[in-house]
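This briefing is meant for someone meeting the structure for the first time. Please look over the sequence and the model before reading on.

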Amino acid sequence: MRAKIFGLRLPLAMFILLILSFVIVGSSIIYWTLVCNLVDDGNWLHIKTDACELKFPKKWYMEKGSVENGTAYIVNIFSEDFKTVVHLKFYSRVGTQEFMRKNNLSDASLVPSFNAQRLYNWSLGISENATLHFIEGESNITSFIEEWGKKRGCDIHYLFISIRDAYKKQDTLYNTTGLLISLMIDQRLIEIIFYGEEHSWEENQEYFKLILNSIEVLKAGDIFES
Amino acid sequence: MSPSKIDYWKIFHILIGGAIYFAAIFVLEIVTQSTADWIFRTLGILGVFAFEEAQNAYYVIRLGVIYSASGFFSGLYTGYKVKENLKLIMSFPSLIGFLLMLAINYGVLLTSFSLMRITKFVAVPLIVSLIGSYLGGYTVNWQVEEKIKEEKISLMEMEL
């Protein structure tokens, strides 16, 4: 027990090397993953999930996974400031039927208002003074969504909402804005919710459009099916 | 000191080593998490964690920075206080601290009980912690041979 490396006792040198190797290997894999999945101008990432393929800004944070016993698959993409979220939910055929039956919904056109109510109820749990407002013909994004629906060749149902005093942070009340979309592809329901604090929502509209344009829903054979 | 008293103190120091491991895990977890968050936000690459490869890579970094370092700190203390039978004793501080941590976070494991999760959240972190613990213990007790001082004797002086 006499060896020394770089003037350090052997076990200490080994410990430092151990930590360095873990950090270097981990960082290299992260870098490699990043480089392999960058697209466009290098500011967007392309990802293939179990339900869809899409692009999203590399600055944004994404979480994904199957829920409700594998009958649905969710993708949540949070903006850089974490104040806005793009929520995508893909139901399997079984999941769609269950969801509609459980919530007494006869068709997909009722899903946005159902989700609006659910969002509002959730806001009431945080701020009891929250009030729900339905917005008619919201600005420039309306025509974009209708155009997007036409390209997909399916009926798209959407709704704009605004929740006044939706949440309180450091004694300041914040309003939120939401765009709730639903559509059916091959008897499978897809929910898209673009929701967040009103200023952040406005700022991230262009990103949302690009994300929406990049979504490629996987065909029935490829998608998770229970 | 009687042999039984020595054993008692050994156990006490091992338990303290376990507590050091437990505390180090929490401190390093917070420090690593906030540092990584700051780095990835600053670099503007938070999105990379959508990929499983990046999540696994971060897991590898956590193994090194959190688990091996915690084991090392607990090993340093225990190795400093207990000098004998290191081969056996050095496994206990990490083991005790890890079991304590597991008892608090057992809910995470209960969500889905699979071999993969056991390997990822129990077996591998424990092995890395044990390696850290042994390295810590032996760092303190690593006997380095002192160099014999060389004395220069002048032949001229000898002649005088």
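What percentage of the 160 residues of chain B count as buried? The share is 35%, and this, like every value below, is computed from a predicted model.

**Chain B as a whole**
- Chain B holds seven helices and zero strands, so that reading along its sequence gives the pattern α-α-α-α-α-α-α.
- Among the contacts in chain B with a separation of 6 or more, 84% are between residues 24 or more positions apart.

**One residue in chain B**
- B:G18 lies in helix α1 of chain B, which covers residues 3-43.
- B:G18 counts as buried because 23 other C-beta atoms lie within 10 Å, where the cut-off for a buried residue is 20 or more.
- When neighbours within four places in sequence are left aside, the residues in contact with B:G18 are B:S74, B:P93, B:I96, B:G97 and B:L100.
- B:V60, by comparison, is 42 residues from B:G18 in sequence, and their C-alpha atoms are 23 Å apart in space.

**The contact between the chains**
- Chain A gives 30 residues to the contact and chain B gives 28 residues.
- On the side of chain A that touches chain B, the elements giving two or more residues are α1 (10-37), β4 (44-48), β5 (52-57) and β6 (61-67) of chain A, and the largest share, 16 residues, comes from α1(A).
- Sorted by class, that side of chain A consists of 21 nonpolar, three polar and six charged residues.

**Domains of chain A**
- Chain A is divided into domain 1, residues 1-39, and domain 2, residues 43-217.
- Taken over C-alpha atoms, the centres of domain 1 of chain A and domain 2 of chain A are separated by 42 Å.

**Helix α3 of chain A**
- Helix α3 of chain A has 16 residues, 111-126, and at 1.5 Å a residue it should span 22 Å, which agrees with the 23 Å between its end C-alpha atoms.
- The buried residues of α3(A) are A:V111, A:P112, A:N115, A:A116, A:L119 and A:S123; seen down the helix axis they fall within an arc of 135°, and therefore they line one face of α3(A).
- The cover over these buried residues of α3(A) includes β9 (131-135), β10 (156-169), β11 (172-185) and β12 (188-197) of chain A, whereas A:Q117, A:N121 and A:G125 are exposed on the other side of the helix.

**Strands of chain A**
- Strands of a sheet pair through backbone hydrogen bonds, in either a parallel or an antiparallel sense.
- An open sheet of chain A is formed by four strands in the order β3-β4-β5-β13, with antiparallel pairing; its edge strands, each pairing on one side only, are β3 (38-39) and β13 (216-217) of chain A.
- Within this sheet, β5(A) and β13(A) pair in the antiparallel sense over two bridges, and A:C52 stands opposite A:V217 in β13(A).
- β6(A) runs antiparallel to strand β7 of chain A, residues 72-78, and seven bridges join them; the bridge partner of A:M62 is A:I77 in β7(A).
- The hairpin of β6(A) and β7(A) has four residues between the strands, and in this hairpin A:E68 takes a positive phi near 50°.

Conventions:
Residues are numbered from 1 along each chain as its sequence is written. Chains are lettered from A and ligands numbered from 1 in the order in which they are written. This is a predicted model: local features need pLDDT of at least 70, side-chain atom pairs count only at pLDDT 80 or more; totals for chains, interfaces and linings use all residues. A residue is buried if 20 or more other C-beta atoms lie within 10 Å of its own, exposed if 12 or fewer, and partly exposed in between; C-beta atoms are placed from the backbone. Two residues are in contact if their C-beta atoms, placed from the backbone, lie within 7 Å. Domain bounds come from an automatic or database domain assignment. Ala, Val, Leu, Ile, Met, Phe, Trp, Tyr, Cys and Pro count as nonpolar, Asp, Glu, Lys and Arg as charged, and the others, Gly among them, as polar. The expected span of a helix is 1.5 Å times one less than its number of residues. The arc is that of the directions from the helix axis to the C-beta atoms. Two strands pair if DSSP finds at least two bridges between them.
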